[in-house]
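The paragraphs below walk through one protein chain, from its overall layout to single residues. Keep the sequence and the structure in view while reading.

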Amino acid sequence: MLKHHNASAIPPERIVILGSGGFVGRSLIKYLASKSLATLGISSKEIDLSESAAVSKLKSVLKPTDCLVVLAALTPDKGKGIDTFMKNLRMVEH
C-alpha cells in the first residue's frame, strides 16, 4: 500500500484521464464527478497518443498540479498482433 507524506489526504486540483472514451474511463469520470472532483477527460479523438504530436499537445494541456491517470490502450477489437502491441508501446512512450 502506498503512503503519502501529508498530514491528511489532499485531493488534486484536477484529475486528467487519458483514455476517457473507453468504458473504464467514462465510469471513472462519472465516479469522480459524484465526489465533486475536477476532471479532464482526453480521448483519442482529442489526442492520438500513438502519434509523436501527442507530446506537445499533452504539454500544452497538463499542469504541474494535475493527477494523471492513463487508461488509454488499443483493445483487441482495434487489432491483434505485434503491430497493435507496438502502437500501444508508442502510446506509453509518448
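**Layout of the chain**

The chain has three helices and three strands. Read from the N terminus, these elements follow the order β-α-β-α-β-α. The model is predicted, and every value given here is computed from it.

The C-alpha trace spans about 45 × 30 × 25 Å along its principal axes. Of the 94 residues in the chain, 21% are buried. The chain exposes about 7,100 Å², and carbon and sulfur atoms supply 60% of that area. When contacts between residues at least 6 apart in sequence are considered, 59% of them join residues at least 24 apart.

**Salt bridges**

Side chains of opposite charge can pair when their charged atoms come close. How many salt bridges does the model contain? The count is two.

One of them joins Arg-14 and Asp-66, with 2.7 Å between the closest N and O atoms. This pair links distant parts of the chain: Arg-14 belongs to strand E1 (residues 14-18) and Asp-66 to strand E3 (residues 66-70), 52 residues apart. Are these two residues buried or exposed? Arg-14 has a relative accessible area of 16%, so it counts as buried, the cut-off being under 20%. Asp-66 is also buried, because its relative accessibility is 15%.

The other salt bridge is formed by the side chains of Lys-78 and Asp-77, at 4.0 Å from N to O. Here Lys-78 is exposed, and Asp-77 is exposed as well.

Helix H3 covers residues 82-93, and several of its residues can be taken in turn. Met-91 lies in this helix. Its relative accessibility is 13%, and Met-91 is therefore classed as buried. What does Met-91 touch, apart from its neighbours within four places in sequence? Met-91 is in contact with Leu-49, Ser-50, Ala-72, Ala-73 and Leu-74. Met-91 can also be placed relative to Glu-51: the two are 40 residues apart in sequence, while their C-alpha atoms are 7.5 Å apart in space.

Asn-88 is another residue of helix H3. Asn-88 is buried because its relative accessible area is 18%. With neighbours within four places in sequence left aside, Asn-88 contacts Ala-73 and Leu-74. Both of these residues are also among the contacts of Met-91.

Which residues form a nonpolar patch on the surface? They are Ile-82, Phe-85, Met-86 and Leu-89, and together they have about 390 Å² of accessible area.

Leu-89 is located in helix H3. Leu-89 counts as partly exposed because its relative accessibility is 42%, a value that falls between the buried limit of 20% and the exposed limit of 50%. Phe-85 is likewise a residue of helix H3. Its relative accessible area is 46%, so Phe-85 is partly exposed. Phe-85 and Ser-20 stand 65 residues apart in sequence, and 20 Å separates their C-alpha atoms.

**Two exposed residues outside the helices and strands**

Ser-36 sits in the loop between helix H1 (23-34) and strand E2 (39-42). Its phi is near 60°, a positive value in a residue other than glycine. Is Ser-36 buried or exposed? With a relative accessibility of 67%, Ser-36 counts as exposed.

Glu-13 is found in the segment before E1. Because its relative accessible area is 58%, Glu-13 is exposed. Ser-44, by comparison, is 31 residues from Glu-13 in sequence and 23 Å from it in space, C-alpha to C-alpha.

Terms used
Residues numbered from 1 in each chain as written. Predicted model: local features only at pLDDT ≥ 70, side-chain atom pairs only at ≥ 80, totals over all residues. Heavy atoms only, no water. Helix = DSSP H or I, 4+ residues; strand = E, 2+ residues; numbered from the N terminus. Buried < 20%, exposed > 50% of the residue type's maximum accessible area, 1.4 Å probe, protein only. Contact = heavy atoms within 4.5 Å. Areas by Shrake-Rupley, 256 points an atom, 1.4 Å probe, with all protein chains shown as cover. Patch = residues over 30% accessible without salt bridge, like charges linked within 9 Å, V, L, I, M, F, W, Y side chains within 5 Å.
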